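The exercises below ask you to work through one protein chain with its sequence and 3D structure at hand. Try each task before you read the solution under it.

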Amino acid sequence: MSNEDITLTAGDAEATVQPGNGGRIGGLRVGGLELLRQGQKFGCFPMVPWCGRIREGMFRDGATVHRMPLNSPPHAIHGTARDGAWRTARTSANEAVITYELVEPWPYPGIVTQVVTLTEDALTLTMSVETYDSSFPAQIGWHPWFNRNLGGADVRLDFRPAWQEERGADHLPTGNRLEPGPGPWDDCFGMPDGVDVTLTWPERLELRVTSPEEWVVVYDEQEAAVCVEPQTGPPNGLNTRPRLVTPLEPLEATTTWAWRRA
């Protein structure tokens, strides 16, 4: 099937899926309010086969060291799938299934599948990485750019992480865990009971981002948008907390954004 944009609808919610633009969600409108920052690089893109930065673009698999392109020097950032064209496997009025074949510069063959499901009050994203060949370390995550303002007061973030990863001068976790501190953030947090972050646009909308995963990066250093990024491991996790994809065990993750009107 083609990789043209797909429009999903449910009630007064509308989501745009863009297989040809890195498999991202290009827009999410609820009651006429656009929640995601618009633009070719924004919306919400999948982070796969890794999340955040890899130190100096290098990761080790056993005795083998692999090098990824330094697209955020001196590091590699956010995986390769956001830069490729995905293919549409199937669609319905409120669901799309899109796939991406892992290719160079990623050194291992694999298939990524993303399922986007829209209901009247929630958007659910589910992603898996499968291989029928060599096992390899991988991560899954999502990088939404939520608009800071929807026409009233700026958005307010509310979450209760168990810890904050100490961020080094190179923007990577040092391995030390801290008491969560005040923003602004470009930081990774641990939520062992699952990611649970509420965004409130006063007098407009409340959006709850949840995931069974325990890691979330919060980035709110830009004026136009804030990012709440559930993921299967911390930045540089291919080196520090790798999750293994094997022919018998795919890597899977999901996140749900549920909303209610003010």
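Arg55 has a relative accessible area of 32%, and is therefore partly exposed, where partly exposed is the class between buried (under 20% relative accessible area) and exposed (over 50%), found with a 1.4 Å probe on protein chains only. The model is a predicted one, in which local features need pLDDT of at least 70 and side-chain atom pairs count only at pLDDT 80 or more, while totals for chains, interfaces and linings use all residues. Residues are numbered from 1 along each chain as its sequence is written, and side-chain values use heavy atoms, with hydrogens and water left out.

**Exercise 1. Salt bridges**

Find the residue that pairs with Arg55 in a salt bridge, and state where the two partners sit in the chain.

Solution. Begin with the criterion, which asks for a side-chain nitrogen of Lys or Arg within 4 Å of a carboxyl oxygen of Asp or Glu. Arg55 meets this criterion with Asp170, since their closest N and O atoms are 2.9 Å apart.

In the salt bridge of Arg160 with Asp158 the closest N and O atoms are 2.7 Å apart; Arg160 is exposed at 65% relative accessible area, whereas Asp158 is partly exposed at 37%.

**Exercise 2. The largest pocket**

Which residues lie nearest the centre of the largest pocket, and which elements give two or more residues to its lining?

Solution. First settle what counts: on a 1 Å grid over the protein atoms alone, a pocket is an open set of points where a 1.4 Å probe fits, with protein on both sides within 12 Å along at least five of seven lines, and lining residues have an atom within 4 Å of a point. The largest pocket holds about 350 Å³ of space. Its lining is made up of 24 residues, and Arg53, Ile77, His78, His143 and Asp186 are the ones nearest the centre. Strand 18 (163–167), strand 20 (186–190), strand 23 (215–219) and strand 24 (225–231) are the elements that give two or more residues to this lining. By residue type, the lining divides into 9 nonpolar, 6 polar and 9 charged.

**Exercise 3. Backbone exceptions**

Identify residues other than glycine with a positive phi, and peptide bonds that are cis.

Solution. His78, although not a glycine, has a positive phi of about 70°; His78 lies in the loop between strand 9 and strand 10 (87–91) and is buried, with a relative accessible area of 10%. His171 likewise has a positive phi of about 70°, but this residue is partly exposed at 30% and is found in the loop between strand 18 and strand 19.

Then turn to the peptide bonds. Pro73 and Pro74 are joined by a cis bond with omega of about 10°, and Pro74 is in the loop between strand 8 (64–67) and strand 9 (76–77). The bond from Gly183 to Pro184 is also cis, with omega near 5°, and Pro184 lies in the loop between strand 19 and strand 20.

**Exercise 4. A buried strand residue**

Is Val17 buried or exposed, and which residues is Val17 in contact with beyond its neighbours in sequence?

Solution. Val17 is found in strand 2, and its relative accessibility of 0% makes it buried. Leaving aside neighbours within four places in sequence, Val17 has contacts (heavy atoms within 4.5 Å) with residues including Ile6, Leu8, Ile25, Ile98 and Val116.

How values were computed
Points joined across faces, edges and corners; volume = space filled by probe spheres on them. Helix = DSSP H or I, 4+ residues; strand = E, 2+ residues; numbered from the N terminus. Nonpolar A, V, L, I, M, F, W, Y, C, P; charged D, E, K, R; others polar.
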